[in-house]
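Student: I have a structure to read. Please show me how to go about it.

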Amino acid sequence: MTSNITLAEALAAGTVVLDGGMSNQLESAGHDLSDELWSARLLAERPEAITEAHLAYFRAGADVAITSSYQATFEGFAKRGIGQERAAELLALSVELAREAARRARAGGVARPLWVAASVGPYGAMLADGSEYRGRYGLSVAELERFHRPRLEVLAGARPDVLALETVPDADEAAALLRAVRGLGVPAWLSYSVAGDRTRAGQPLEDAFTLAADADDVIAVGVNCCAPEDVEGAVETAARVTGKPVVVYPNSGESWNAEARAWDGRSSFAAEQVRGWRESGARLIGGCCRVGPEGIGSIARTLAEVR
C-alpha cells in the first residue's frame, strides 16, 4: 500500500484529487507518442519519463497517480514483438514507477497521503482505432472478460492501491470488467466515457451505473474522458443510483480526432466547475486528456477552499 490510509477511507472522509492526462504531460516534455502503444511505449523505452510525469502531478497537488498502463495489453505488446513475460514485467513496472514518484514526492516535502491507481483501459484502447469512444465491439461479455482478466491479475499482483477501470464506453464491457476484478483482492473504481446522459455505446447512464451498485469491490463510480459539460448530470445519476463516492475526471473540452490522431476544438474546462461536481457527490476529482499539472493545481486549490 502506498499510504497508511486506504483510498476508500479517504473518500469516506472527504475529497481526493486525481492527476491529469499522462499523454499530454509526456508530450509537453518532448516525447513522441504517435504510436499504437501511446504512452505505454515509454514503459520499455523511457520509464524515467513516466516517473517524472507522475511526480509533476504529485507536486501540483494530485493525491492519486494513474499509471501508464491504459493502453498496455498483452495483445498490444505482442504486435510490437514483446513476449508475454516481458509484457507482464512492463505492466507491473507501470505501478512501480508511480510508487517511485510518490517516494520522490515525499522526499521533496509532500506530506499528504498519496495513492497509486493502476489504469485498465477498454478493449478499444488496444485496437487504437478510436473504438474506445464507441464501444459495441461485437464481442460477448464472456469474451471481454477473458481479454481483461490476465492483465488485471498482473496489475493486481503489483499491489496498487486501486484498479482504475476507466474510459469504459459500453455497459457490456463494464459488466465484463466487474466480473474480471472479482477475487483479485484490490479495490476498483469504474468510470464510463459518456456523451450526454448515455454511455458512448448509447446505453442510459442510470442502467450503466446500476451494474456497479452492489459490487463490493468497487469503491467509486463515475465518468472520465468526456466533455466537462457532461459531468454534473452524470455525477448526480451515479450518486443516486449507487450510493457510492463518485469519480470524475473529464477532458479539457476538446475532442479526439482518431483519424488525424490529434485534438480538435477549444478547452471548456474550468477549475471552478469542481465546486458543483463536489456538491453533487463527486469525491475523487481530477482531469483527463489535455488537463495538465497547472489544471490539477487549480482543482486542488479550489477543493481545499471547500473542504
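Student: What percentage of the 307 residues of the protein count as buried?

Tutor: Start with the rule. Buried means under 20% relative accessible area, exposed means over 50%, and partly exposed lies in between (1.4 Å probe, protein chains only). Here 58% of the 307 residues are buried. Know your source too: this is a predicted model, where local features need pLDDT of at least 70, side-chain atom pairs count only at pLDDT 80 or more, and totals for chains, interfaces and linings use all residues. Residues are numbered from 1 along each chain as its sequence is written, and side-chain values use heavy atoms, with hydrogens and water left out.

Student: How many helices and strands are in the protein?

Tutor: Helices (H or I, at least four residues) and strands (E, at least two) are DSSP runs, numbered from the N terminus. This protein has 13 helices and twelve strands. Its radius of gyration is 17 Å, close to the 19 Å from the globule rule for 307 residues, so the protein is as compact as a globular protein of that length. That radius is taken over C-alpha atoms, and the rule is 2.2 Å times the number of residues to the power 0.38.

Student: What share of the contacts with a separation of 6 or more comes from residues 24 or more positions apart?

Tutor: A contact means heavy atoms within 4.5 Å. In this protein, the share is 77%.

Student: How many salt bridges does the structure hold?

Tutor: A salt bridge is a side-chain nitrogen of Lys or Arg within 4 Å of a carboxyl oxygen of Asp or Glu. The structure holds 14.

Student: Where do R99 and E96 sit relative to each other?

Tutor: Both are in helix α6 (residues 84-107), three residues apart, which means about one helical turn between them. R99 is buried, at 18% relative accessible area, whereas E96 is partly exposed at 30%.

Student: How many residues apart are E100 and R104 in helix α6?

Tutor: Four, or about one helical turn. Their side chains form a salt bridge, 2.9 Å from N to O. E100 is partly exposed at 24%, and R104 is partly exposed at 28%.

Student: Which residues are linked in a network of salt bridges?

Tutor: The network links E48, E52, E96, R99, E100, R103 and R104.

Student: How far apart are the closest N and O atoms of R179 and E145?

Tutor: They are 2.9 Å apart, in a salt bridge. This pair links distant parts of the chain: R179 lies in helix α9 (residues 171-180) and E145 in helix α8 (residues 141-157), 34 residues apart. R179 is partly exposed at 34%.
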